[in-house]
Amino acid sequence: MKIGIGIPNQIRDVRADVIPEWARRAEDAGFSSLGSVGRVAYPGVMDTVALAAAAGATSRIGLISNVLLGPVWPALLLAKEAQSIDGVSGGRLTLGIGLGGRPDDFVVDGLGPRGTGKRLDRDIETYKSVWRGETPDGCDNPLAPRGSREVPLLFGGMVQASYNRVARSGRGYIGASVPAHMIAGAFDGVRTAWKEAGRDGSPYLVAIAYYAVADIEGGRANVYDYYSTAGADTAGFITSAVSGGADVIKRTVSEFEAIGADELILNPTSDDVDEIQRVAEIVL
């Protein structure tokens, strides 16, 4: 199982200028990927900007959005944004997409929080059309440079429609930031849908887990704050799943490896760049 690390782009009032240095240190430490957290209505850094900054600061490490809220974006703009990040990174982006559940993230007129599943299915076809170099209706030119590749897609969600979307249109699946035993069934659902769709090989299965090493209580407070709009019960549950300290982090890694995750992204709970080396010494 590969071990990646998140970018702290959605820590409240994050010091945005730390992101390039965070990316460089993560690559030097040997992590497999850098992951971004996606949310509009929060005082952080937009995930596409964080990924672009990380792309420019590195040359080898993978880039994953885990997850970007697809339906809050106009499809043509997101397709071009993703292709641009992939291009400047030299083909290192994997686009992880979720539907989004917070109404205040849907800030674009006409793109509200209803019907997001059907809208995303339509948008996927638009993304792929742009990446193939086709010219959209109403445009005089294609949006992507010649030679652009189709950006690999991962999809989140813990319902059958999500598993079917992976099997139909994706490279794989990305789980929610909950314990491994709660993701195991989703992994199985994706594997089954993949097989029933007649896909060759296996879906790429990515997991997410929040971690804290130096300041566990402060890290948990940051996670609670991020999820507080979902209600105290949800925020409390996700906060309780933060892996705090070396022993718990090691156990978390083992649990996700046991359910067959191909990659685990350890999401930070602060923008302290020293947390990169602290966790690297534990898991790499």
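This is a predicted model: local features need pLDDT of at least 70, side-chain atom pairs count only at pLDDT 80 or more; totals for chains, interfaces and linings use all residues.
Y226 is buried, with a relative accessible area of 5%.

**Y226 and its surroundings**
- Y227 also counts as buried, because its relative accessibility of 12% is under the 20% limit.
- The ring centres of Y226 and Y227 are 4.9 Å apart and their planes meet at 85°, so this pair is edge-to-face.
- Y226 and Y227 belong to one aromatic cluster together with Y42 and Y210.
- Two arginines place their charged ends over the ring of Y226: R39 at 5.0 Å from the ring centre, and R102 at 5.2 Å.

**Another aromatic pair**
- The count of aromatic pairs comes to six.
- One of them joins Y163 and Y173 edge-to-face, with 6.0 Å from centre to centre and 75° between the planes.
- Y163 lies in helix α5 (residues 160–169) and Y173 in strand β7 (residues 172–174), ten residues apart.
- Both Y163 and Y173 are buried.

**Helix α9**
- Helix α9 has 13 residues (246–258), which should span 18 Å at 1.5 Å a residue; the end C-alpha atoms are 18 Å apart, in agreement.
- The buried residues of α9 include I249, T252, V253 and F256.
- Seen down the helix axis, the buried residues of α9 fall within an arc of 100°, so they line one face.
- An α-helix has 3.6 residues a turn, so residues three or four places apart point the same way.
- D247 and A258, on the other side of α9, are exposed.
- Among the elements covering the buried residues of α9 are β1 (2–6), α6 (180–196) and β8 (204–212).
- After α9 comes G260, with a positive phi near 90°.

Notes: Residues are numbered from 1 along each chain as its sequence is written. Side-chain values use heavy atoms; hydrogens and water are left out. Helices (H or I, at least four residues) and strands (E, at least two) are DSSP runs, numbered from the N terminus. The expected span of a helix is 1.5 Å times one less than its number of residues. Buried means under 20% relative accessible area, exposed over 50%, partly exposed in between (1.4 Å probe, protein chains only). The arc is that of the directions from the helix axis to the C-beta atoms. Contact means heavy atoms within 4.5 Å. Rings of Phe, Tyr and Trp (its six-membered ring) pair if their centres lie within 6.5 Å; planes under 30 degrees apart count as stacked, over 60 as edge-to-face and the rest as tilted. A charge sits over a ring if NZ of Lys or CZ of Arg is within 6 Å of the ring centre and within 35 degrees of the ring normal.
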